[in-house]
Amino acid sequence: MGMLQREDLKASRPDGRMPGWLRLINGPQTLGRGPLFWIVFALTIGAAVVYPAFADAWSVGNTAYFFCWVFMALGLSLIWGYAGSLSFGQTAFFGLAGYTYGVVTINFGAAYGLTIVGVLLGVGMSCLGAAVLGYILFYGRISGVFLGIVTLSTTLVFATFMAQTAGSQWAIGDARLGGDNGMTGMPPLTIPWAGGDIALYSGVPLYYLLLAMLVICYLGLRVLVNSRFGNVLVAIRENPHRAEMLGYDIRRYQLIAFVIGSGLAGLSGVLYTAWGQYISPSNMDLAAAALPIIWVAVGGRKDLTATLVGTLVVLGIFQNLTIFGSYYAFVIMGLLLVIVVVFLPEGLIPGLVKFFGRFRKRKEGMS
Amino acid sequence: MTILRTEKLYKHFDGVKVAQDVNFSMEHGEIRCLIGPNGAGKSTFFKLVLGEHQPSSGEIYFSDQKITKLRSFERVKQGIAVKFQVPGIFSELSVWQNMQIAVQNHLHGDSMTSAIDKALAFVRLTDKAGELAGELSHGEQQWLEIGMAVSTEPRLLLLDEPTAGMTPEETARTGEMIQELNRKGMSILAVEHDMEFVRQIAHKVTVLNFGEIFAEGTINEIEANEEVARIYLGTADDDE
Amino acid sequence: MEYIHLAFTAFYQFGDAFAFLVLSAMGLAVIFGMMGIINLAHGEFIMCGAYVTVATARLGVPLPIAMLCGSLAAGILGIVLERTIIHRLYHRPLDSIVATWGISLILTQGTLIVLGSSMAGISTPLGSFSVGGYSYSTYRMVLLGVAVLLLIGLYVLFHHTTFGIHSRATIQAPHMAKAAGIDTGRMYSLTFGLGAALAGLAGALYAPTISIVPTLGANFLVESFVTVVVGGADVFLGTAPAAATLAVIKAFLTGWQGQLMGQVGLLITVMVVIRILPQGLSGWLLKGRT
């Protein structure tokens, strides 16, 4: 990545003293690394852990709500930022998983840990959907803009389909699909416990669960993108032809990245559905599908940390703008996207890193 | 035993014949140069061997195994490596990462590290391991690509104009590299325009013209061949 | 008599679907085929055309003139956007699709703010005619005629006028075109403007048949995307045969299972076509021709 400073690149040569997994978490395909970064990382986690002690219930629940979305953003960073495949249809997998969670939990209830089965089935459905669609696309050698418009078209058709399921004949078991009004009445995530099941309504326990999942997911993805697999993804993004001529079946790698990324969109979908006990076609439509693109593009799609930070910041801005009306929020989001794409195509955070990198270099040059 | 052989290879492209009845063969351990005027079908032949084009008819054998139906990456895994004319390096990654992507398919851990070190030393880029590949000079980029291609120790190395755009010193150094690889047993097939360079490395030369094998022989035989001289006149090397 | 009715119904449904596919895809196809950009704000140019048409028609302007106004407004909007934003992204086609999505959001949501969530529409003109005792909308047949005329008109424009020749020269060899004294920047603007105007015309033509809401463009998107993907890069060799093929599928499935199944059928078709004809129909036709 062009924004890396020279000394960072030297570090891309593996250091024999470090154990393998630690080396993989650190670099070279991720921007933040080295002792300073990990100190800041630990402090951030610490702050996030004590946050509920200082914040009111609404803020904690709201932060948990933000966390729900980040998985989808990280998945898109993997597909688009690392593997270079434009997928504009992540909300389809979000919705598919959300509806699956609804159907499972409405029919079978929340006891015996069945909501967790609902989560797994939801994520599984989105992986399966992504595997089928991805197989057709990548093995059909679809790339570039066509990949974007076919995934977007699929999402729009799926949203249209769900929007016309208002009639009572559209039900799976007891679960009414609900058309434009969406599906409601599913239970929240419920952890089976000896002294009685714990239902995780929006609150402190859910916050901690999501925080833990987020940290695991972020670190896991860091290992993935810095592994041999991640090397190949970046090689495919930079020059797919050359990657193939080095003996890689690029279709397979693109498909795997697509399935993992879409599974994460599915995870966001089930978590969102469980959080709000609600999912509707408007979570998938054209405006909704644009949001993950904006989070990832604004933060910096080619880096997981930039995506993570960017997503949380943009979500915060978006929510504060909706006070004036969601239309205004969307207009500002659109403006933000246009400005970033035109002037800072790598995203705001890599742009800043590059800027300060140059600044530091100049200072070193003078001394 | 042949390392590479084609049998009655034909390729039609939108009605234009770009390969016609090509019966090519080269031996294990050979350095072969492929020459011919522009549009003679040299790069098409490379693309057929690499599986980027499917032949209209005919067969391709690598080490006497039929590879005609294999996909590109499968052929590469069998032991064919290629260095393209335009450097196909990953310019936003470091030299080391470029090498790692080339090698990691075959080797792991310490043996991977030592293979990379060896290949970098061979192409004299050890000092540049931490630099971005895109910031190397043109000659260094060409060498990096040769390093990537040979790091996996392929049995057959395809080189498309390996010296294009190089200074005379770089060209000579590249020739030495090729000969050194060949001494270790690698077979090499190179498309080349620079006849002096061809004289330096080639065991045998194949001349392509209009998609057909026009002549074949040692460099002396080819240079003495008046017919060959004639096809070069007129169509010409004037843009070289 | 029954057979005549069945045959005419089939023709009518095919013609309706064909016209819709051609008209909704044409603007997108011109911009993609000529400039290599997929314009995700395509639906918003359609929306602009529809809004201006309805607004001017309600002021008492005759409908055909109102429609021209709608198309013109979208064209002007297209040129303005090209000059301010799109022209910065010509060497970055993947970024341009993302940027046009941002534009799409701004235009849709901005219209919601300024004009509210819906606008009173206008009624479908020309009434109906009957064949074998069944009645059909005359206007739908007029749209079919317009679609065919538009295809012919664009063919003439791009192959037999100075604008078309300059535009194609600019697209195929920008440096040569520049050297030959063509103002390539202007050609790009005009081509983008033409695509936007065609999208606006689609919105104008369908304005009497749909409800006028800021998100109306999205209803055209899937059909236009599918037609352009199936058609490939050549506007004429691609769009017309792609629309004809897809219209058969869409008309059959829509008549059988409703609007939605028509769309699903289109989507499945596009994936099958991509699998067997990676260059689209035009790539395949061009290959077969030589």
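Start by selecting chain A and chain C: about 3700 Å² is buried between them, and carbon and sulfur atoms give 84% of that area. (Buried area is the accessible area, with a 1.4 Å probe, that two parts lose on being put together, summed over both.) This is a predicted model, where local features need pLDDT of at least 70, side-chain atom pairs count only at pLDDT 80 or more, and totals for chains, interfaces and linings use all residues. Residues are numbered from 1 along each chain as its sequence is written, chains are lettered from A and ligands numbered from 1 in the order in which they are written, and side-chain values use heavy atoms, with hydrogens and water left out.

Stay on this interface. Chain A puts 41 residues into the contact and chain C 35, contact being heavy atoms within 4.5 Å. Looking for salt bridges here turns up zero; the rule wants a side-chain nitrogen of Lys or Arg within 4 Å of a carboxyl oxygen of Asp or Glu. Two residue pairs are in polar contact, both residues at pLDDT 80 or more (a pair of N or O atoms within 3.5 Å; within protein, one must be able to donate a hydrogen and the other to accept it, and residues adjacent in sequence count only if both atoms are side-chain atoms).

Which element gives the most to chain A's side? Colour α7(A): it supplies twelve residues. By class, the side of chain A that touches chain C has 33 nonpolar residues, seven polar and one charged.

Next, hop to chain B. Colour domain 1 (1-79 + 155-240) and domain 2 (89-153) separately; the bounds come from an automatic or database domain assignment. Their centres, taken over C-alpha atoms, are 25 Å apart. Domain 1 of chain B brings 15 residues to the contact and domain 2 of chain B brings 13.

Together these two domains of chain B bury about 1200 Å², 69% of it on carbon and sulfur atoms. Select helix α6 (residues 168-183) of chain B to see the largest share of domain 1's side, six residues. Across this interface there are zero salt bridges, but four residue pairs in polar contact, both at pLDDT 80 or more.

Last stop: colour chain B by pLDDT, the predictor's confidence in each residue, from 0 to 100. The mean for chain B is 84. Now pick residues 234-240 of chain B, where pLDDT stays under 50. Where pLDDT is low, the predicted coordinates should not be read in detail.

Note on methods. Helices (H or I, at least four residues) and strands (E, at least two) are DSSP runs, numbered from the N terminus. Ala, Val, Leu, Ile, Met, Phe, Trp, Tyr, Cys and Pro count as nonpolar, Asp, Glu, Lys and Arg as charged, and the others, Gly among them, as polar.
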